[in-house]
Structures are given as structure tokens and as C-alpha cells.
Amino acid sequence: MSSSTGPTSGLPVRMPRPRQSGRHRRPEPVTAPTGAPPLVLAVPGAPGPAARRIAEEILSIARSELPGLDARIGYADAEGGSAEYPALDAVLGSAAAQHTARTSEAAASAAGPDGGDAPDWSRGPAAVVVPLLAGPDAAVLRRIRRSVVSSGSAFELTDALGPHPLLAEALHVRLSEAGLARADRARLFTVTTAADGIVLATVGGTEAAQAAGITGMLLSARLAVPVLAAGLDEEGAVARAADELRAAGSRNLALAPCLIGPEADEALPAMAAKEAGCAAAEPLGAYPAIGRLVLAKYSELLGIATPAPLGAPLR
């Protein structure tokens with residue numbers, strides 16, 4: 001019970017717990033700054049339920065890392081678009097209109113007596129566009145950049161997500177899920193079907209294959225097996241990489257798609273693996289590291305601190 005002046009005498013009084021100090025104190029929760037520009041995930045490939053599911057799961061991961069994040073999906077190759085699959089042009093147009101409105105509101109506030117010290121995001125980009133690509137794909141990036149330029153507003157376009165150590169982590173996990181790699185070398189967990197050579201398959205031409213080669217070196221360090229990158233969109237490239245690995249002594253090969261999913265025909269990895277005579281893991285999909293990488297691209301460009309790790313330890 002309590003009186004008008006406080007708790008009745010003799011009852012425990014709940015006092016606020018003092019903030020823990022020192023190296024073990026809990027970090028302050030991080031949220032998206034008020035008024036920060038939206039993150040627009042530019043999804044390549046033909047729109048469809050599978051692409052939408054992956055994109056939504058990736059943005060869900062990003063939002064969980066940065067609560068309050070305004071994140072949207074725009075399909076780079078949607079012709080006309082729809083409410084279900086909005087075209088990137090339409091999503092950018094909406095963001096541009098909102099940015100114009102924010103700029104007008106900021107100008108009105110600046111003229112008044114209550115101007116604060118909060119960041120003036122009206123001076124920043126209308127949105128940050130992050131391509132849903134594991135590596136550079138000149139043709140896709142050109143289409144996305146065309147949408148950004150034609151929008152008539154100030155947008156920022158980030159690079160593709162890779163190469164990056166977190167992609168090597170995701171590839172390792174997908175291989176282990178397929179029984180093609182040890183889950184953890186440190187524990188000496190043995191998989192009898194573990195591959196002794198990996199073909200890292202990508203799309204996007206020579207530049208994409210070179211970038212995948214860097215991720216492949218990180219994957220090779222994790223698995224202690226040779227890894228060669230090859231383009232799924234280059235005829236015979238995967239088979240040639242497989243032959244090269246076999247000539248070097250590998251006997252049990254596996255194909256690891258360095259793909260998130262929507263950017264390539266879903267049948268391509270299986271067809272290439274059959275041609276090369278090896279098993280294949282699943283594409284990266286909505287592995288949690290992909291969501292963290294998307295958020296990292298956004299937050300790095302804006303200078304926003306987030307709790308998302310920007311690297312992964314090599315085992």
C-alpha cells in the first residue's frame with residue numbers, strides 16, 4: 001500500500017538500478033536515428049515469391065540489429081512493378097518525395113526558435129540503395145545505377161556485399177549443412193563426405209569471379225582445402241575449374257554457390273554441378289551474415305554506429 005507521500009513505511013521501495021560501469025557494463029541499445037534516410041534493398045532478377053521471401057528475411061535481420069530502421073525493397077528488374085513486387089524506380093520515387101517533404105519541414109524548423117542539435121538528415125541522401133549482390137555484377141549494377149540517376153534526387157548507392165569474411169562464413173555453413181564440409185575444424189568434427197576441393201560459383205563476369213576468388217581464399221583458410229572461383233554464366237568455366245582441382249589431387253569436389261539467390265536462375269548451380277560431376281550446396285539465401293552485411297553497407301555510408309560485427313573469425 002502507499003500514501004499520497006509515497007510507499008507505506010516498512011514496505012520495500014524499488015529504486016532504479018545504477019548503471020553498471022567498467023568493461024563489463026551492458027552496451028546502450030542502438031536504434032536508428034530519427035529521420036535517417038531509408039535503406040532500399042535493390043533486388044535483382046525476376047520478382048517472385050522466393051526472391052521476396054529472401055529479401056524480407058534479410059531486412060528482418062537488419063531491423064533486428066538496428067531497431068527503427070526504415071528498410072524497403074525495390075525490384076531492379078520488375079517491369080512496371082506492382083504492390084506485391086514494387087519496382088526500384090517506384091520505391092526511389094516515393095523516397096524522393098518524402099525527402100523533399102522532410103527538407104521543407106527542416107527549413108521551416110530552422111527558421112523557428114526551437115532548432116535542436118539532432119543531425120539534419122534533410123541535408124543527406126534521400127535513401128541509401130544497397131544491391132542484393134554477393135559480388136560485383138556490372139550489368140545489374142548498371143541497371144540499378146540507371147534507376148538511381150533517373151530518380152532525380154540525391155541517392156547513395158553502395159558497393160556489392162562481397163568479398164567479405166562473413167560471406168566465407170556463410171559459404172562454410174551452407175557446405176556443412178549439405179554434409180560437404182566439417183562444421184568446425186577446431187572440434188575435429190569429421191564428415192565422411194567432406195569435399196577436398198571447392199568450386200566457388202558466381203555470376204557477373206570476370207570482375208565477379210575475381211571478387212569471389214578473394215572470398216574463396218578466406219573459405220580455403222577456414223576449410224584447409226583448395227578453392228577455385230568460376231562463373232556460372234561462362235560456358236564450361238565450372239567444369240574447367242573442377243578439372244583443375246582434380247589435376248591438383250582433389251577427388252571429392254563440391255560446388256558452393258557464392259550467390260544470394262535472386263540474381264541467378266535457381267537451376268544454374270545444379271546444372272553446373274552435374275556438368276562438373278560434383279555435389280552442390282545451397283545458395284547463401286537469408287543467412288544472418290547477409291542481413292548484417294546489408295546493414296553494415298548502409299550504416300558505414302551514413303556514419304551510424306551499429307552493433308553488427310563487420311568481420312568473422314577464421315577457424
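This text walks through the structure from its overall make-up to single residues. The model is predicted, so local features are described at a pLDDT of at least 70 and side-chain atom pairs count at pLDDT 80 or more, while totals for chains, interfaces and linings use all residues. Residues are numbered from 1 along each chain as its sequence is written, and side-chain values use heavy atoms, leaving out hydrogens and water.

The protein has eight helices and 10 strands. These elements are DSSP runs numbered from the N terminus: helices are H or I runs of at least four residues, and strands are E runs of at least two. Of the 315 residues, 45% are buried. Buried means under 20% relative accessible area, exposed means over 50%, and partly exposed lies in between, with a 1.4 Å probe and protein chains only. The accessible surface comes to about 16300 Å², and carbon and sulfur atoms hold 53% of this surface. Such areas come from the Shrake-Rupley method with a 1.4 Å probe; for residues, only the protein chains shown count as cover.

Contact means heavy atoms within 4.5 Å. Among contacts between residues at least 6 apart in sequence, 75% join residues at least 24 apart.

Next comes a sheet. Strands of a sheet pair through backbone hydrogen bonds, either parallel or antiparallel. Here, four strands form an open sheet in the order 4-3-5-6, with parallel pairing. Its edges are strand 4 (71–75) and strand 6 (155–157), each of which pairs on one side only. On average, neighbouring strands of this sheet are turned by 25° against each other, direction ignored. Two strands count as paired if DSSP finds at least two bridges between them; strand 3 and strand 4 are joined by five bridges. Ala42 stands opposite Gly74 in strand 4.

Helices pack on this sheet. Helix 1 touches strand 3 and strand 4, and its direction makes about 155° with that of strand 4. Helix 8 touches strand 3, strand 5 and strand 6, and its direction makes about 145° with that of strand 5. These angles run from 0 to 180 degrees between N-to-C directions, with axes fitted to C-alpha atoms, for helices over the stretch in contact.

Helix 8 (residues 288–302) has 15 residues, and 11 of the 15 are buried, so this helix is largely enclosed by the rest of the structure. Among the buried ones are Ile290, Arg292, Leu295 and Tyr298. Their cover includes strand 3 (39–43), helix 1 (49–65), strand 5 (127–131) and helix 4 (165–177). At 1.5 Å a residue, helix 8 should span 21 Å, and its end C-alpha atoms are 22 Å apart, which agrees. The expected span is 1.5 Å times one less than the number of residues. Just after helix 8, Gly303 takes a positive phi of about 75°.

Tyr298 is also, with Leu175 and Ile198, among the residues with the most contacts inside the largest nonpolar core, which has 57 residues. A nonpolar core is a set of buried Ala, Val, Leu, Ile, Met, Phe, Trp, Tyr and Cys residues joined through side-chain atoms within 4.5 Å. Leaving aside residues up to four places away in sequence, Tyr298 touches residues including Pro37, Leu66, Val128 and Ile304.

Thr158 lies in the loop between strand 6 and helix 4. Its relative accessibility is 7%, so Thr158 counts as buried.
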